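Keep the sequence at hand as you read.

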Amino acid sequence: MVKKILLFCFIFLLSLQVISDSDFGWHLRVGEYIANSKSIPKTDIFSFSQPDYHYVYHSWGAEVLIYIAYFLYGLSGVSVFYALILTLSIFFLYKTVLLTQKDTQPAIFLFLTLLASSIAGGRTRIFGFLMLTILYYFFTKFQMQKSKLIYLTPFIFFLWVNLHASFILGFFILILFLLADIVQRKKLDKKIFALLPLSIITAVINPYFLKASVQAVQMSLNSYGISSSNADWQSLLNPKSSGWIFVVFIICTAVFVQLFKIKINYLSKFLLTIFLLLSIISSRFTIALLVFFT
């Protein structure tokens, strides 16, 4: 127990970083506006030429939390807040791994912390990373132990839709999980399959109703056409970024697994392959890639 506490204390320290997100000021001011006005804006509050332009603040919940952390402790408070979210995400990955094996090497999770920190640390996408790790933990625990935590899935999507637009990616992954469950059982479990429509219903419970989902889909499809100017939308193999190192590492790991005939279930292989290919198209999928790589 002491070793585990020390491990996650060290992971927390590794997660601390100076806030360098170019969107931070924007997120902070949105959170400040919501906190002071006690209302969630539906139009572009920063536009002087089009103040009535309809806009979806898909991270409004995260922005309020960011503002509270800043209001209480300044930039240091925001850094600590982000570090706590990242540490909690790694904790759920750790718990997921322990479901499939009795023990694991702490060094692996220190390495994963550095990877996750470079991919999602200090940015609102960290909330999507947290929600995904929780969802994956719930599903794995259900598969291994028939845990009833899986029935909290709709609540996870209720939180997710109000924290970050990556909830739409969560639906895609949830569908894959449910299909995998059908293949494994060779029959449809109605209670488990009902989680999908229930999660869709809870995802509608947000200030923007269906508009939040529409914008999330548009962002996922990159319909705003900003890939040429925003590295986040470009391929993970972009030579101007360090993402290609992660890709090479994954490929080398896959070769190692094949050479030494390490047993990995087909769902894990499938998810890793799918999100590796998607990340090569757009680095926006790297969060999911990191989860399934683990």
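Two residues are in contact when heavy atoms of each lie within 4.5 Å. The model is predicted.

Begin with Tyr 70, a residue of helix H3. Set aside neighbours within four places in sequence, and Tyr 70 is in contact with Phe 24, Leu 28, Leu 75 and Val 78. Is Tyr 70 buried, partly exposed or exposed? Its relative accessibility is 32%, so Tyr 70 counts as partly exposed. Buried would require under 20%, and exposed over 50%. Now look along the sequence to Lys 95. Tyr 70 and Lys 95 are 25 residues apart in sequence, and their C-alpha atoms are 30 Å apart in space.

Next comes the core. The largest nonpolar core has 89 residues. Helix H3, residues 60-100, supplies the largest share of this core, with 17 residues. Phe 129, Phe 246, Phe 275 and Phe 292 have the most contacts inside the core. In soluble globular proteins, nonpolar side chains tend to be buried together.

Follow Phe 129. Beyond residues up to four places away in sequence, Phe 129 touches Leu 86, Ser 89, Ile 90, Leu 93, Ala 116, Ile 287, Leu 290 and Val 291.

Phe 129 also takes part in a helix pairing, H5 with H13. The axes of H5 (residues 125-145) and H13 (residues 286-293) come within 10 Å and cross at roughly 35 degrees. The crossing is right-handed. On the H5 side are Arg 125, Phe 129, Leu 132, Thr 133 and Tyr 136. They meet Ile 287, Ala 288, Leu 290, Val 291 and Phe 292 of H13. By class, this contact has eight nonpolar residues, one polar and one charged.

Terms used. Residues numbered from 1 in each chain as written. Predicted model: local features only at pLDDT ≥ 70, side-chain atom pairs only at ≥ 80, totals over all residues. Heavy atoms only, no water. Core = buried A, V, L, I, M, F, W, Y, C linked by side-chain atoms within 4.5 Å. Buried < 20%, exposed > 50% of the residue type's maximum accessible area, 1.4 Å probe, protein only. Helix = DSSP H or I, 4+ residues; strand = E, 2+ residues; numbered from the N terminus. Axes fitted to C-alpha atoms, helices over the stretch in contact; angles between N-to-C directions. Left-handed = near helix turned anticlockwise from the far one by under 90°. Nonpolar A, V, L, I, M, F, W, Y, C, P; charged D, E, K, R; others polar.
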